[in-house]
Amino acid sequence: MISELTEKKAKRHVGKNIQRIRVYFGVKQDALATDLGMSQQAVSKIEQQEEVDDELLTKIGEVLGVSPDIIKNFDEEKAIYNINNNSFRDNTFEEGASAIATGQQINPIDKIVELYERLLQSEREKIELLMRK
């Protein structure tokens with residue numbers, strides 16, 4: 001019984017971790033889907049999966065600006081504790097995982113602007129393709 005609980009705790013739900021990190025950064029499923037070149041429904045299905053293919057996890061990590069290890073080992077309780085204590089350090093997500101916060105604060109407005117610019121560029125590319133037809 002105890003080994004089952006330990007094993008369950010050690011095994012994290014990668015899809016839920018993707019969702020938590022996406023929400024933390026204020027990224028909608030539609031925006032993530034656009035950046036990944038898939039539908040919003042596909043992103044929703046990925047977020048329901050306990051395991052996610054490493055190649056896809058790497059792509060998602062690139063879009064969200066985090067490493068696949070941070071996604072796999074995301075610890076919500078630790079993140080909430082650190083946010084509540086205003087200590088945005090490397091240990092926010094898991095010891096040794098430092099791709100998100102390396103002693104720097106993340107400016108949500110900069111992230112929104114970056115996402116908007118990517119979305120705008122994507123729309124420009126679509127318009128250009130349509131004009132060529």
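**View 1. Helix α2 and the glycine that follows it.** Just after helix α2 (residues 14-24), G26 takes a positive phi of about 75 degrees. This is a predicted model: local features need pLDDT of at least 70, side-chain atom pairs count only at pLDDT 80 or more, and totals for chains, interfaces and linings use all residues. Residues are numbered from 1 along each chain as its sequence is written, and side-chain values use heavy atoms, with hydrogens and water left out. Helices (H or I, at least four residues) and strands (E, at least two) are DSSP runs, numbered from the N terminus. In α2, the buried residues are V14, G15, N17, I18, I21 and R22. They lie on the same side of α2, because they cover an arc of only 160 degrees around the axis. Buried means under 20% relative accessible area, exposed over 50%, and partly exposed in between (1.4 Å probe, protein chains only). The arc is that of the directions from the helix axis to the C-beta atoms. α3, α4, α5 and α6 pack against the buried residues of α2.

**View 2. The whole chain.** The protein chain has eight helices and zero strands. Of its 133 residues, 29% count as buried. Take the contacts with a separation of 6 or more: residues 24 or more positions apart account for 59% of them. Contact means heavy atoms within 4.5 Å.

**View 3. Helix α2 beside helix α5.** The axes of α2 and α5 (residues 54-64) come within 11 Å and cross at roughly 10 degrees. So α2 is roughly parallel to α5. V14, I18, I21 and R22 of α2 make the contact with L57, I60 and L64 of α5. These residues divide into six nonpolar, no polar and one charged. Axes are lines fitted to C-alpha atoms, for helices over the stretch in contact, and angles run from 0 to 180 degrees between N-to-C directions. Angles under 35 degrees count as roughly parallel, over 145 as roughly antiparallel, 65 to 115 as roughly perpendicular and the rest as oblique. Ala, Val, Leu, Ile, Met, Phe, Trp, Tyr, Cys and Pro count as nonpolar; Asp, Glu, Lys and Arg as charged; the others, Gly among them, as polar.

**View 4. The buried side of helix α3.** Q29, L32, A33 and L36 are the buried residues of helix α3 (residues 29-36). They cover an arc of only 100 degrees around the axis, which puts them on the same side of α3. Their cover includes α2, α4 (40-48) and α5. Just after α3, G37 takes a positive phi of about 75 degrees.

**View 5. The largest nonpolar core.** This core has 21 residues, and I18, I21, I60 and I71 have the most contacts inside it. α2, α3, α4, α5 and α6 (68-73) each supply at least two residues. α5 gives the most, with five. A nonpolar core is a set of buried Ala, Val, Leu, Ile, Met, Phe, Trp, Tyr and Cys residues joined through side-chain atoms within 4.5 Å. Leaving aside neighbours within four places in sequence, I71 is in contact with V14, N17, I18, I21, L57, I60, G61 and V66.

View 6. E47 is found in helix α4. E47 counts as buried, at 5% relative accessibility. Beyond its neighbours within four places in sequence, E47 contacts residues including H13, K16, R22 and Q29. V63 sits in helix α5 and counts as buried at 12% relative accessibility. Its C-alpha atom is separated by 9.8 Å from that of A33, 30 residues apart along the chain.
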